[in-house]
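Dear colleague,

Please find below the structure that I am handing over to you. My notes on it follow.

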Amino acid sequence: MTTNGYAMIAQVRFRELKTRVGLALFIAGTAWFLTKGLWPIGWFSVVVVTQFIDWLVFRPTRLNPQMPLSRAYRVVMCATTTLNVVVYSAISAYLWMTGGEAGRLFAIIQVAGGLLHVSLHMHHVRPLLLSAVVPHSLYFLGLPIMGAVLDGQPQDVLIAIGGVLYMTHLIVAVRQSSMTTRALQDANDEARAERRKAEVASAAKSDFLAVVSHEIRTPMNAVISAANLLRRTRLDREQREHVSMLLDAGDVLVGLLNDVLDFSKIEAGKMQLEAQDIDLRDKIGSLIRLWEPKASANGVRLKVLIDDAAPARIRTDPLRLQQMLFNLLSNAVKFTEDGTITIAVDWRAEDGRLIVSVADTGCGIPADRLAHIFDSFEQVDAGTTRKYGGTGLGLAISRRLAEIMGGRLTAESVEGEGSVFTLSLPVEVAEASVVEPKRRAMADDALAGKVILAADDHAVNRRILTLLLEPHGCRIVLVENGAEAVEAAAAQRFDAILMDMQMPVMDGLEASAQIRLHGLNRQTPLIALTANAMDVHRAAWDATGVHAFLTKPIDPVLLAETLAEACSGAMNDTVVQNVA
């Protein structure tokens, strides 16, 4: 991009200046906590100085976006960007050398976050992008290699390999983002073909979201799975807390990614509903059990009031009902620091409406912002995002889902006193049924002696599957593509097959279809394990008759339980389980 690209990046850097300094303060505090040294304080001081230099250098083009940029001025901007990255990520080298295992983990995550940040914000201007990415990459790959050489720990090279994989996926995502941006610009420039190009842009956005979902889920699978494996090792209390923080952050990232995909489906009018009979009180109880520990940790009490007249079982879309109530409880717990959160369930028999209200004693919402909280990407103010996080999509998605299901979601709030969100939803009363016993917990030896075929083209993913499943006593046969999977399935009987989707030579769908046609494993339970998580991918796997559909990042417990269930033959039908 031309001069305007530099001006745009200057605007973004100015808006995020306080955030960068605040994050640097947090990093310095964490580094001091891990090392008890004085270097983090000195590092933070240097960061403040370099950020001030950055503000001075980018200020002219920020104030005058149309000003001509000399070659010398562009060189100075690139040099300033490089200086900031070198200084900002220098703390990672310090933590790698002095912070122990927790310090190394924090260092890699900090640099990975920096790479993601600059790639998303600077890809419009290649010289600035390279000025930021190159020093980040040297830290990202150099630290593990240095550790392998100096500390005599060759296993650290695996971290560098994972870093190369992460950067490869990041390049693909940035390239796709640039292509999508250009497609949208072309659509705006050619007014005569506005409708056609709008459809192209919409398709490009869907493709972009699919690519981003896949490319982010794949490295996130390595990060989260590595954290789960690390938690199985012997750690002291502080190290275990750091691993828990890493897993919590991974859950948040996956949740945000799912929010964006859901929002895209709603915007495209492709959200599909499925009606099932559910136990109302059991559904409410499961949500309470999920959020009660976090609420209690904040000193907040969760209280449930269910109308005696409310039916025991209702017919609705259980996933979307849970999603809406989850978002409402998440907001209530997030914004309530003391007091009570009350979930009230009422039944209006005259028109068959379920009324669920979530009332909290939190900070409340200013009257002038209340009308906007259901807008997409909307937060009460900028400080809300910095303090509490989130995309501003949860409430927007919940209201749109309520409307699609024929209901409505409203809010009342008094600043400083709390908020009440009320979901009104038409549902059918379902006939009471015999309570089915809860599924037994997976036996410790449920997978012992089982032989599992796993097809995945990424070496890191294959290594993760081995580390996750071999402790259960099963044997894993690993192949790199669909063709090898078909060949292996023709030569040996397996108890279950794990199949990735996107692979070279032959993809997972074609390989699954061929395995189903004939041979020793045409009836073997086949489980899709993929980073392609959109509805179109689920539908494609449904057509192959897979036993279950699992998405990355891998949930170790869910993976083991699904395999145990498949191997035991508990389910003989081929209905796809959509497990996200």
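Leaving aside its neighbours within four places in sequence, which residues is T35 in contact with (heavy atoms within 4.5 Å)? They are P40, Y94, L95, T98 and G99.

Before going further, please note that this is a predicted model, in which local features need pLDDT of at least 70 and side-chain atom pairs count only at pLDDT 80 or more, while totals for chains, interfaces and linings use all residues. Residues are numbered from 1 along each chain as its sequence is written, and side-chain values use heavy atoms, with hydrogens and water left out.

T35 belongs to helix α2, residues 17-35 (helices are DSSP runs of H or I, at least four residues, and strands are runs of E, at least two, numbered from the N terminus). Its relative accessibility is 19%, so T35 counts as buried (buried is under 20% relative accessible area, exposed over 50%, partly exposed in between, with a 1.4 Å probe and protein chains only).

Nine salt bridges are counted (a side-chain nitrogen of Lys or Arg within 4 Å of a carboxyl oxygen of Asp or Glu). One of them joins the side chains of D54 and R20 at 3.8 Å, N to O. This pair links distant parts of the chain, 34 residues apart, with D54 in helix α3 (residues 39-63) and R20 in helix α2. D54 is buried at 2%, and R20 is buried at 11%.

Another salt bridge, at 3.9 Å, is formed by R348 and E350. R348 is partly exposed at 29%, whereas E350 is exposed at 66%. R348, E350, D351 and R353 are linked in a salt-bridge network.

Yours sincerely

How values were computed: Contact = heavy atoms within 4.5 Å.
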